[in-house]
Amino acid sequence: MNPLPLTAAVTAGALAGAVATALLLRRRFELVDVQGGSMEPTLRDGDRVLVRRTRVFRRGDVVVFPVPDGPRDPEDAPWLVKRVSGVAGDPAADGCPAVPPGHLAVLGDNPRSLDSRTFGTVPSRTALGVAVRRMSRDGRPAQSLNRSGRGTNHGSRRTA
């Protein structure tokens, strides 16, 4: 018996499995670039976040959603990254209105953030998902973005 066909079959099977896994991960996760300083100190301009696509959000999650009413300038990022400060049914807080069903109140970690205090609540169905990890471009270690609150920064960097 010639072992070559078996080796080719195993290789083809492994390759098909790798492609299927990559497609599944691509459907489940997305990389998004952070632009601006509205999430400092947790996230800085130039960081990347790994976003898990989901429709379930909790207070404290860092979420990615489209800019309300679209980008103001073609150079602007199409996404905003903010922390959930309230979910449907939560009372008004931090200058935001009461959160209606199917919406999220979001705040930047930086007090000078453009967030729900400015544009109101965000429809949760439009959110891309929850940022689960910071993936730095400048060699700093990746950081988990957990629900328990703000993460820690590694190193220093110029802010926008």
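## Arg83 and Asp109

Arg83 forms a salt bridge with Asp109, with the closest N and O atoms 2.9 Å apart. A salt bridge here is a side-chain nitrogen of Lys or Arg within 4 Å of a carboxyl oxygen of Asp or Glu. Arg83 lies in strand β4 and Asp109 in the loop between β5 (103-107) and α2 (116-119), so the pair ties together parts 26 residues apart in sequence. Strands (E, at least two residues) and helices (H or I, at least four) are DSSP runs, numbered from the N terminus.

Arg83 is buried, at 8% relative accessibility. Asp109 is buried too, at 9%. Buried means under 20% relative accessible area, exposed over 50%, and partly exposed in between (1.4 Å probe, protein chains only).

## About the model

This is a predicted model, where local features need pLDDT of at least 70, side-chain atom pairs count only at pLDDT 80 or more, and totals for chains, interfaces and linings use all residues. Residues are numbered from 1 along each chain as its sequence is written, and side-chain values use heavy atoms, leaving out hydrogens and water.

## Other salt bridges

The count comes to five salt bridges. One of them joins the side chains of Arg53 and Glu30 (2.5 Å, N to O). Arg53 sits in strand β2 (residues 48-53) and Glu30 in strand β1, so this pair links parts 23 residues apart in sequence. Glu30 is buried at 17%. Arg53 is partly exposed at 34%.

Asp115 and Arg117 also meet through their side chains in a salt bridge (2.6 Å, N to O). Asp115 is buried, at 0% relative accessibility. Arg117 is partly exposed, at 38%.
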